[in-house]
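Please read the following explanation alongside the sequence and the model.

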Amino acid sequence: MRSPLDLELVSVTKRYGDAVAVDAVSHLFPAGTYVCLLGPSGCGKSSTLRMIAGHERVTDGAILLAGRDISHLPPARRGTAMMFQSYALFPHMTVLDNVAFSLKMKGVDRATRQRKAEELLDLVGMAHLAQRLPAQLSGGQQQRAALARALITDPQVLLLDEPLSALDPFLRTRMRTELKKLQRELGITFIHVTHGQDEAMALADQVVIMNNAVIEQAGSARDVFNAPKTEFVARFMGGHNVIALGGRRHAVRSDRTRIVPSGGAGLDATVTSFEFLGTHVAVGLIGPGDTELTAMVPDEAFFAAPVEPGHTVRVGWHETDLHLLEA
Ligand SMILES: Nc1ncnc2c1ncn2[C@@H]1O[C@H](COP(=O)(O)OP(=O)(O)OP(=O)(O)O)[C@@H](O)[C@H]1O
């Protein structure tokens, strides 16, 4: 169902000279959702984000927010805000002044902008560091300051360009929980560009996968993972085997790919490797036509009947787990 605050891309194209970075992309971002824009390097994610933000001109098409065409408005008048990968904090300004900056540009008086900046610093748990300079903050603290700075204009849509990539793995997981919580509390749309499938699955209400300047598939993380439309999506999301059967390509989740008793339905494959991953053992296999497969075998099942590289085994799956891919 549509809501008045939805963001919509209508046949949006971005060309740099002859190169097409975004090719007639149409998509509805429902208001109040956490969207992750995912795809390999160069697929057009950042160009899409920058066009929504107004940091890049649209070559063709329109961007509508709350029913209004914002394609040609300056960034500050769109109802969007962007948080950059590098956080882009001004090094010579205190955290408070950084957060208050865009209100200063808008001519808001000092007392009002400071009060609002304090409120936002409180929201992101940074009130006690308001007088520090950016260089005196940790990576996670800089990120919170950058978030507060982006949110001070009360945007309807917050755009985040790889916001977690500068953080170490532990902090990344913690910050992603905080981002999600913040989005829920604010109830606004977050559009978060990432390279990470795990990050997208953990965060997104809606995952949008781009490839070669177009959207290849969009949907809930669970739907996209369980029902990849194309071989590209199956491989990109990971956790799937792609198998040719009867001249058509199919995906089957690697945790639903089983080592079955010989003679059962399935195909013969040779074990090439195994890796203990704690809860599962990832068994690498090579099947007919040199198809590489992975079976994620629960650790108990693996150690009850261990296999070694060089063994020939039967690999099977339930018919219902086999998923036909678009040609
Ligand atoms: N300013 C520019 N001038 C010319 N070509 C550009 C420019 N910015 C991006 N491109 C090209 O447009 C295509 C899409 O780039 P974009 O940055 O949107 O991809 P991306 O999916 O965000 O990639 P990454 O994950 O590596 O950041 C790429 O082929 C890139 O080389």
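Two strands are taken to pair if DSSP finds at least two bridges between them. Helices (H or I, at least four residues) and strands (E, at least two) are DSSP runs, numbered from the N terminus. The model is predicted: local features need pLDDT of at least 70, side-chain atom pairs count only at pLDDT 80 or more, and totals for chains, interfaces and linings use all residues. Residues are numbered from 1 along each chain as its sequence is written.

An open sheet of 6 strands runs in the order 6-7-8-3-9-10, with mixed pairing. Strand 6 (80-83) and strand 10 (214-219) stand at its edges with a single partner strand each, so one side of each is left without a neighbour in the sheet.

A hairpin is formed by strand 15 and strand 16, with 5 residues between them. These strands, residues 280-286 and 292-298, pair in the antiparallel sense over 7 bridges. Val-281 stands opposite Val-297 in strand 16, while Gly-289 in the turn has a positive phi of about 65°.

The ligand's surroundings (residues whose C-beta atom, placed from the backbone, lies within 6 Å) include Tyr-16, Lys-45 and His-195. Helix 1 gives the largest share of this shell, 3 residues.

The domain assignment, automatic or from a database, gives domain 1 (7-226) and domain 2 (241-324). Their C-alpha centres lie 40 Å apart.
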